[in-house]
Amino acid sequence: KGTRMKSEQAKVLHLLGEKPLITHVVQVAQSLNPQTLSVVVGHQAEAVKKELPRGVNAVNQEKQLGTGHAVAEAVKVLDDDNGMLLVMFGDVPLISDLTLRKVLDGADDFAITVLTAEFIRPGNLGRIVRGVSGNIEKIVEAVDASEEEKTLQEINSGIMAVRKSDLIRWLPKLKPANNQGELYLTDLIEIALDESARVRAVVSDDADEVMGINTQWDLCNAERILQRRRVQELALKGVKIADPNRLDIRGDLQVGKDCFIDVNVVLNGSVVLGDGVSIGPGSVVSDSTLAAGVKVLPHSVIDGAEIRANSSIGPFARVRIGSVIGEGAKIGNFVETKKAILGPGSKASHLA
């Protein structure tokens, strides 16, 4: 339910960038080319299912009885007992395929591989308890941790790879962890160690990747992390960006050489920028193509339009869906167009 989100909407349907949280997780899971991909759904199940792409199984969890119970429901639809099961979470959307591959690399030699991270302030996150040899001994939930255990900074991300044959055998051994009858998947660690099974922890290189979304504040922070990643990728492609903290990319962006993007710009949907495009401060570009040399002056809005080479838009212009602005044309102050076709070199100005 995500009650701490203070929202009527299921937590995994909240948007990060332009996509629901669950979509981020499913897409990175798909990049691993799994044999089977299942999403366990409960609260607002039908709404969540609508966001799942074709080929992804939806497994109903009628009663939400914890992570162990959720995985047990998913195991019922597996085709066989061979291979590894990778458990991910719908509210951990920043995880990368590189980190997941790190978890899976060598996982066949272990019964369980747990992804962990180092947090300066772990808060309510489960702690990783290691023995004197450095091997993982157990995972303790924060609410159950001793004062000494609460000082530990290595946390459990929840993401783990488990050998399916062992998982199927161990799941019935999970015992209710609280008055609500919830089954904790993390209890598998102690069950495995009791059988002298091999368990390892893989530490994430980037703690941001395992950040869980529990509140609107968490979602705000995740948005900034995601946007900074996208802006960094854009800058490394050669785009000059006035301020990396004041650019939002909410879709798919293709860029040419020598582009410049000023502050407080928002790019939505599918946007293509040709060589030498300049976008002024406070502008919004959505689902549009801007050819080489286009200049978008401050506080202009371009939505669903084609702007041909060396044209000038704005300031304070609005070019709406279906407009085609010809090469070298100029759209002046406060001009609004819709489904307009302007020829090469044309000028459109606002008359007071």
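Two strands count as paired here if DSSP finds at least two bridges between them. With that in hand I looked up strand β24 (residues 330-331) in this predicted model, and I noted that β24 and β27 pair in the parallel sense over two bridges. Within this pairing I found Lys 330 standing opposite Lys 347 in β27.

Next entry: the aromatic rings. I found that the structure holds one aromatic pair, formed by Phe 316 and Phe 334, which are stacked with 5.4 Å centre to centre and 15° between the planes. Phe 316 lies in the loop between β21 (312-313) and β22 (318-319) and Phe 334 in the loop between β24 and β25 (336-337), so the pair ties together parts that are 18 residues apart in sequence.

Next entry: the nonpolar cores. The largest has 32 residues, and among those with the most contacts inside it I listed Leu 247, Leu 273, Leu 290 and Ile 331. The elements giving two or more residues to this core are α8 (216-236), β12 (247-255) and β14 (265-273), and β14 gives the most, with four residues. I took Leu 273 for a closer look and, leaving aside its neighbours within four places in sequence, found it in contact with residues including Leu 253, Val 255, Cys 259, Ile 261, Ile 279 and Leu 290. A second, separate core of 25 residues includes Leu 85, Met 160, Leu 185 and Val 199.

Last entry: helix α4. I asked which residues of helix α4 (residues 97-104) are buried, and the list reads Thr 99, Leu 100 and Val 103. Seen down the axis of α4, these buried residues fall within an arc of 100°, so they line one face of the helix. I recorded that they pack against α1 (21-30), β5 (84-87), β6 (112-118), β9 (154-163) and β10 (199-203). Just after α4, I noted that Gly 106 takes a positive phi of about 85°.

Methods:
Residues are numbered from 1 along each chain as its sequence is written. This is a predicted model: local features need pLDDT of at least 70, side-chain atom pairs count only at pLDDT 80 or more; totals for chains, interfaces and linings use all residues. Side-chain values use heavy atoms; hydrogens and water are left out. Buried means under 20% relative accessible area, exposed over 50%, partly exposed in between (1.4 Å probe, protein chains only). The arc is that of the directions from the helix axis to the C-beta atoms. Contact means heavy atoms within 4.5 Å. A nonpolar core is a set of buried Ala, Val, Leu, Ile, Met, Phe, Trp, Tyr and Cys residues joined through side-chain atoms within 4.5 Å. Rings of Phe, Tyr and Trp (its six-membered ring) pair if their centres lie within 6.5 Å; planes under 30 degrees apart count as stacked, over 60 as edge-to-face and the rest as tilted.
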